[in-house]
Amino acid sequence: MAIVSDQPISRAGLEKLASDDGGLRVTATTADIDELLAGGQTFDAVVLELSTGGTDSIARAATVGRPLVSAAWDRSPSLLAAVRAGARGCFSSLSEQRDVREAVRVIVRGGFYVCPRLVDQFQGELARGGGEEQNGLAPREVETLRFIASGFTHAQIATRMGLSQATVNTYAKRIRAKLNVGNKAELTRMAIELGHFNHPRRLSRTAA
């Protein structure tokens, strides 16, 4: 398994948790997802702590392993949003060590795990339908917001999402209305506050 956390104490705690279990082995520990992806390895599980990032980190972690996500679930992203992004399991800082170990075992076997402390919250989100986040953004609007905050033009976003520029323009208008913001700087600030933006993407000068 791999561990990704920007908190040294959390990384050490998760490493100790794994070392105390003869069936778990940590093969990579990094401070951020970029560092993990740069290693070129794949893993049975990626334990990812979302102290500042959003669902983009989960989706990227899913390219190299099954993400097991720890976060403060009282704010964005929601549990359902994390699952949509690719999380195979979720736990919180209040979860028992035995629950975290069990979570790793379950997702390594191909299953899905929600910590007992989070079951009621997850069921509540499912009962509400989960079509939109609490801020009212639909999944494709969240994706558009991430691209806008990362510096992409509407034309570039349309290319990456496989949409027309007119559709992206419509998404952008809806996002501004729902978040009650008027310009790109305010959109970027809101993306950070909502956990939908980690760091600027490096754009190619030849990007469409």
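Which residue forms a salt bridge with Arg140? Select Arg140 and Glu143: the two form a salt bridge, with the closest N and O atoms 2.9 Å apart. A salt bridge here is a side-chain nitrogen of Lys or Arg within 4 Å of a carboxyl oxygen of Asp or Glu.

The model on screen is predicted, so local features need pLDDT of at least 70 and side-chain atom pairs count only at pLDDT 80 or more, while totals for chains, interfaces and linings use all residues. Residues are numbered from 1 along each chain as its sequence is written, and side-chain values use heavy atoms, with hydrogens and water left out.

**Stop 1: helix H7**

Stay on the opening pair and show residues 139-149, which make up helix H7. Arg140 and Glu143 both lie in this helix, 3 residues apart, about one turn. Helices (H or I, at least four residues) and strands (E, at least two) are DSSP runs, numbered from the N terminus. Arg140 has 32% relative accessibility and counts as partly exposed. Glu143 is also partly exposed, at 24%. The classes are buried, under 20% relative accessible area; exposed, over 50%; and partly exposed, in between (1.4 Å probe, protein chains only).

**Stop 2: the other salt bridges**

The structure holds 6 salt bridges. Select Lys16 and Asp20 next: their closest N and O atoms are 2.8 Å apart, in a salt bridge. Asp20 is partly exposed at 45% relative accessibility, and Lys16 is partly exposed at 47%.

Move to Arg60 and Asp34, whose side chains meet in a salt bridge at 2.4 Å, N to O. Arg60 belongs to helix H3 (residues 55-61) and Asp34 to helix H2 (residues 33-38), so this pair ties together parts that are 26 residues apart in sequence. Asp34 has a relative accessible area of 34%, which is partly exposed.

Then select Asp21, Glu102 and Arg105 together; a network of salt bridges links these three residues.

**Stop 3: the sheet**

Switch to a cartoon view and find the open sheet of 6 strands, with the order S2-S1-S3-S4-S5-S6 and parallel pairing. Its edge strands are S2 (28-30) and S6 (113-114), each pairing on one side only. Two strands pair if DSSP finds at least two bridges between them.

Begin with strand S1 (residues 2-4), which pairs with S2 in the parallel sense over 3 bridges. Ala2 has Ala28 in S2 as its bridge partner. S1 also pairs with S3, again parallel and over 3 bridges; here Val4 stands opposite Leu48 in S3.

Which strand pairs with S3 over 5 bridges? Strand S4 (residues 66-70) does, in the parallel sense. Strand S3 (residues 45-49) is largely enclosed by the rest of the structure, because 4 of its 5 residues are buried.

**Stop 4: Ser95**

Finish at Ser95, in the loop between strand S5 (89-91) and helix H5 (97-108). Is Ser95 buried or exposed? Ser95 counts as buried, at 12% relative accessibility. Show the backbone of Ser92 as well: its nitrogen lies 2.9 Å from a polar atom of the Ser95 side chain. Now display Val100, Cys115 and Arg117, with which Ser95 is in contact when its neighbours within four places in sequence are left aside. Contact means heavy atoms within 4.5 Å.

Note on methods
A polar contact is a pair of N or O atoms within 3.5 Å; within protein, one must be able to donate a hydrogen and the other to accept it, and residues adjacent in sequence count only if both atoms are side-chain atoms.
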